[in-house]
Amino acid sequence: MRHLRRLFAVLFLLILLFPAVVSAVDFRIEDALIEASLTEGGLVHVKEEFVYTFNGGFNGITRTIHPGKGTSVDGFKAYEDGRPLSVEQSGETYRVHRQGSDSTVRIKLEYTLHGAVSLYEDGAEFYRSFFDSGNGAGYGNMTIIVHPPAASRRTDALGYGAAEETGTISGDGSARFDLGPVPAGTEADIRTVFDRSLFHGGVTKKGTIRDEVEQDRKELENREGRAKIAVTVLIPAAGLLMLFILVDEWRRSGRLWRKALREAEADKFSVPPESLSMPALIRFTAGPSRSSRLSAGLLDLIRNGYAEQQSDILYAPTGKEPELLHERRLMHLLFDRFGDLDRRFNLEQLELKTRSGDGADEYLAGVKSWERAVKKELKTAPLKKRRLSTILLLLLVIGLLVAACDFTVMLDQDWPYMTAFLMLLSAVAMLVLIRPYTGYGRDIQVRWHLFREVLPRLRPVDWAAFSRTDRIRGLIYAVGCNDPAVPGPDIPEIEPFETRGLRPLISAHSAASLGSGMAVADRNASSSSSGSSGSGGGSGVGGSGGGSGAF
């Protein structure tokens with residue numbers, strides 16, 4: 001059922017997307033020219049010319065114009081070779097109808113902007129974005145020209161975004177911005193200031209505008225200098241520090257491993273001393289399958305006297321209250337939720353109950369709750385610890401890269417910013433993830449690693465040399481590892497051991513049966529569980545902007 005639901009979901013999405021896919025128009029805009037002519041009364045007559053090349057059929061083009069705050073658009077018209085084309089308006093998007101196939105067309109647009117010119121004491125400003133980050137189409141070559149009402153003796157021209165450092169002033173005071181190729185989703189604002197005396201009427205705002213434009217110009221120049229510092233100093237320095245941190249952590253980890261290995265090899269071989277509960281220890285040192293850890297968890301309950309094994313498939317609680325949270329949760333799962341009326345847990349019954357959806361969901365939920373408690377024990381144990389020196393160095397790296405991102409975010413080239421941003425994400429990930437082992441944690445890992453290596457070669461006589469408690473802990477570890485490279489030890493039946501008068505029995509044979517049964521239940525639960533089943537947008541300066549497209 002789970003796979004069928006996923007298949008139906010995929011098919012449903014394909015059906016929804018299919019009309020959009022088949023209706024997509026393949027086109028590119030080879031050339032774009034925008035001319036804005038300002039009048040004495042403050043109107044802006046805009047003429048645009050776009051050269052489209054289509055591959056396949058098409059019905060026309062689209063032009064989205066965001067007027068901006070205090071600005072309006074009217075008189076939108078479209079032409080091809082002087083012939084008017086039908087225009088349909090929907091909100092801020094104009095659809096120009098012109099059908100065809102596999103051809104290149106040149107479309108001219110005309111419209112008027114009202115309220116787009118701002119008058120100041122020292123000049124008249126036209127500040128606009130003709131396209132913005134929401135534009136879904138790129139331009140092969142973009143040129144924007146702004147004409148004053150008459151010759152302007154002093155013209156200021158400044159570009160932002162893709163228009164930065166593209167402005168030039170002609171002899172009559174017109175401002176020209178040669179942007180060249182403009183990728184889709186690129187922002188570009190153009191800002192021009194002409195002589196105030198060329199404009200009549202309108203409301204003059206208090207203050208001046210040219211000083212603000214000059215300040216912006218200097219800020220852009222300073223940003224270029226900061227971007228150079230980011231590329232030549234900040235990013236390389238941050239990269240070297242990150243490399244140093246990784247190498248230093250790797251070398252320190254190697255030193256701790258070698259130290260723990262020397263100490264372990266110097267001691268007589270034995271089952272390592274008890275440091276964690278067996279389920280937590282197995283997860284920390286081996287991390288095998290969930291079912292094998294559950295088997296080891298139940299055997300550990302028997303070892304600690306919380307449960308007893310009455311046969312190869314039947315287990316019962318002893319009445320002794322477990323100390324650890326994950327021990328209590330495992331007792332609740334096996335004996336309360338999947339036990340009989342006498343709280344006895346039957347392995348064969350578990351296999352049957354986990355074949356149904358409800359039983360599978362309940363089992364998996366209980367197992368996940370138990371696993372969270374095991375992880376909690378590992379988190380509270382002093383196995384890993386961040387070093388203060390590493391934290392401080394990474395905070396320094398993050399500070400350098402934040403500055404580098406700020407210095408490079410407005411560059412025309414994307415790679416400096418993307419490099420700094422990706423490095424910043426990596427540094428943050430290092431700060432979160434780097435938690436090196438302590439000497440205590442590494443010692444546990446090394447000693448149990450050596451035990452795992454020797455485990456397949458242990459003979460019954462070797463097991464007999466261990467204490468009874470160590471033999472049982474070794475058997476539980478072997479069951480919990482469940483590694484093909486570590487076969488179950490050939491141990492004769494481990495004799496009963498005393499736990500406050502109770503005599504639970506653990507044997508290699510019954511432990512293997514438990515591991516097999518738990519694996520079947522886990523597979524049943526996992527397979528039966530019901531729970532595992534074209535136009536512009538954005539905005540530019542003052543809310544202006546827009547984009548181009550086709551349909």
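I took two strands as paired if DSSP finds at least two bridges between them. Helices (H or I, at least four residues) and strands (E, at least two) are DSSP runs, numbered from the N terminus.

**Entry: ground rules.** I am working on a predicted model, where local features need pLDDT of at least 70, side-chain atom pairs count only at pLDDT 80 or more, and totals for chains, interfaces and linings use all residues. Residues are numbered from 1 along each chain as its sequence is written, and side-chain values use heavy atoms, with hydrogens and water left out.

**Entry: the four-stranded sheet.** I looked up an open sheet with the strand order β9-β10-β15-β12. Its four strands pair antiparallel. I noted β9 (117-120) and β12 (156-161) as the edge strands, each pairing on one side only. Next I followed β12 to its partner. Six bridges join β12 to β15 (residues 188-194), and the two run antiparallel. In this pairing D156 faces V193 of β15.

**Entry: β11 and its partners.** I found β1 joined to β11 (residues 139-147) by seven bridges, running parallel. L33 stands opposite T143 of β11. β11 also pairs with β14 (residues 175-182), in the antiparallel sense and over six bridges. There V146 stands opposite A175 of β14.

Entry: I looked up a second open sheet, with order β16-β17-β18 and antiparallel pairing. β16 (307-309) and β18 (345-346) are at its edges with a single partner strand each, so one side of each has no neighbour in the sheet. Three bridges join β16 to β17 (residues 314-317), in antiparallel fashion. A307 has P317 of β17 as its bridge partner. Helix α5 packs on this sheet and touches β16, β17 and β18. The direction of α5 makes about 120° with that of β17.

Is F335 buried or exposed? F335 is buried, because its relative accessible area is 1%. My cut-offs: buried means under 20% relative accessible area, exposed over 50%, partly exposed in between (1.4 Å probe, protein chains only). I listed the contacts of F335, leaving aside neighbours within four places in sequence: L298, A307, Y315, A316, P317, R343, R344 and F345. Contact means heavy atoms within 4.5 Å.

**Entry: aromatic rings.** I counted 18 aromatic pairs in the structure. Rings of Phe, Tyr and Trp (its six-membered ring) pair if their centres lie within 6.5 Å; planes under 30 degrees apart count as stacked, over 60 as edge-to-face and the rest as tilted. One of the pairs is F27 with F54, which is tilted, at 6.1 Å centre to centre and 40° between the planes. This pair links distant parts of the chain, 27 residues apart: F27 is in β1 (residues 26-38) and F54 in β2 (residues 44-55). F27 counts as partly exposed because its relative accessibility is 22%. F54 is at 2%, so F54 counts as buried. Ring pairs also bring F27, Y52, F54 and F58 into a cluster.

R128 lies over the face of F130, 5.8 Å from the ring centre. The test asks for NZ of Lys or CZ of Arg within 6 Å of the ring centre and within 35 degrees of the ring normal.

**Entry: positive phi.** Most residues other than glycine have a negative phi. I logged two positive cases. D81 has a phi of about 55° and is found in the loop between β4 (72-80) and β5 (83-84). D81 counts as exposed because its relative accessibility is 77%. D102 has a phi near 45° and lies in the loop between β7 (93-101) and β8 (104-114). At 55% relative accessibility, D102 counts as exposed too.

**Entry: whole chain.** The protein chain has 13 helices and 19 strands. Buried residues make up 46% of its 551 residues.

Notes. Axes are lines fitted to C-alpha atoms, for helices over the stretch in contact, and angles run from 0 to 180 degrees between N-to-C directions.
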